[in-house]
Amino acid sequence: MNNLIYAVDDEEDILKLVEVNLKKNFFKIKTFSSSVSFLKALEKQKPDLAILDIMMPHPDGIEVAKIIKSNPEYANIPVIFLSARTDESDKVTGLEVGADDYIAKPFSVKELIARIKVVLRRSNAPVPEGSKTSSQDFREIQIDKEKFTAFSGGKKVDLTVTEFKILELLLSKAGSVFSRDKILDYLWGDEKLVIDRTIDVHIKNLREKLGKNGKSIKNIRGVGYKIEE
């Protein structure tokens with residue numbers, strides 16, 4: 001496995017717990033007690049995934065996620081929030097800034113490992129049926145799966161792994177409706193360790209990033225989503 005994981009939390013006992021258990025599961029792990037030290041390390045080496053606490057001294061986890069997702073060099077690094085803030089509104093906020101998952105403290109180590117594996121596996125998910133080429137397009141929206149790039153109206157769009165995979169699925173059969181369950185199956189398989197509204201939040205972010213072309217993604221009430229003119 002040997003994926004490199006960065007974990008940042010101002011609670012040393014949490015960091016130690018994460019470090020010990022990730023090593024047991026054959027991950028490479030680097031821990032940071034402050035967001036500042038984490039961001040400095042990011043400049044030297046990019047991890048395969050980042051685990052962020054939210055309630056840290058400035059900048060907090062939300063701000064750190066915004067920094068990551070606003071930088072094209074780091075935007076495709078998957079982010080998992082690990083936080084004592086458990087309200088659904090906090091979870092939705094986490095997803096809205098580009099996080100791929102959100103785990104509440106206190107947490108199960110087994111669940112944390114499972115979610116890490118699921119998020120990492122997403123970037124290597126099988127190509128959807130009907131999509132045999134490395135590039136897909138619809139009107140002014142194009143993606144290149146090999147380069148993990150997306151364009152809207154000729155301009156490059158920086159998407160998270162989850163947003164990219166959703167767009168890839170919708171483009172695989174333009175005009176066809178994909179239910180939320182179908183989208184969840186594609187993203188997470190049998191391990192749907194997600195909260196309500198997850199897909200809706202990611203679709204909202206995706207539409208905003210695509211600009212005027214985002215209106216091509218249609219919500220079919222009570223069914224799901226599709227992409228069409």
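**Helix 8 and its partners: worked exercises**

The axes of helix 6 (residues 161–172) and helix 8 come within 10 Å and cross at roughly 85 degrees. Axes here are lines fitted to C-alpha atoms over the stretch in contact, with angles from 0 to 180 degrees between N-to-C directions. Helices are DSSP runs (H or I, at least four residues), numbered from the N terminus.

The model is predicted: local features need pLDDT of at least 70, side-chain atom pairs count only at pLDDT 80 or more, and totals for chains, interfaces and linings use all residues. Residues are numbered from 1 along each chain as its sequence is written, and side-chain values use heavy atoms, without hydrogens and water.

**Exercise 1.** Classify the arrangement of helix 6 and helix 8, then describe their contact.

Step 1. Take the angle, roughly 85 degrees. Angles of 65 to 115 degrees count as roughly perpendicular, so helix 6 is roughly perpendicular to helix 8.

Step 2. Find the contact (heavy atoms within 4.5 Å). Helix 6 brings Thr162, Glu163, Ile166, Leu167 and Leu170; helix 8 brings residues including Ile199, Ile203 and Leu206.

**Exercise 2.** Describe how helix 4 and helix 8 cross, and name the residues that meet.

Step 1. The axes of helix 4 (residues 88–96) and helix 8 (residues 198–210) come within 9 Å and cross at roughly 35 degrees.

Step 2. Val92, Leu95 and Glu96 of helix 4 meet Thr198, Val201, His202, Lys204 and Asn205 of helix 8.

Step 3. The crossing is right-handed (the near helix is turned clockwise from the far one by less than a right angle).

How values were computed
Helices (H or I, at least four residues) and strands (E, at least two) are DSSP runs, numbered from the N terminus. Angles under 35 degrees count as roughly parallel, over 145 as roughly antiparallel, 65 to 115 as roughly perpendicular and the rest as oblique.
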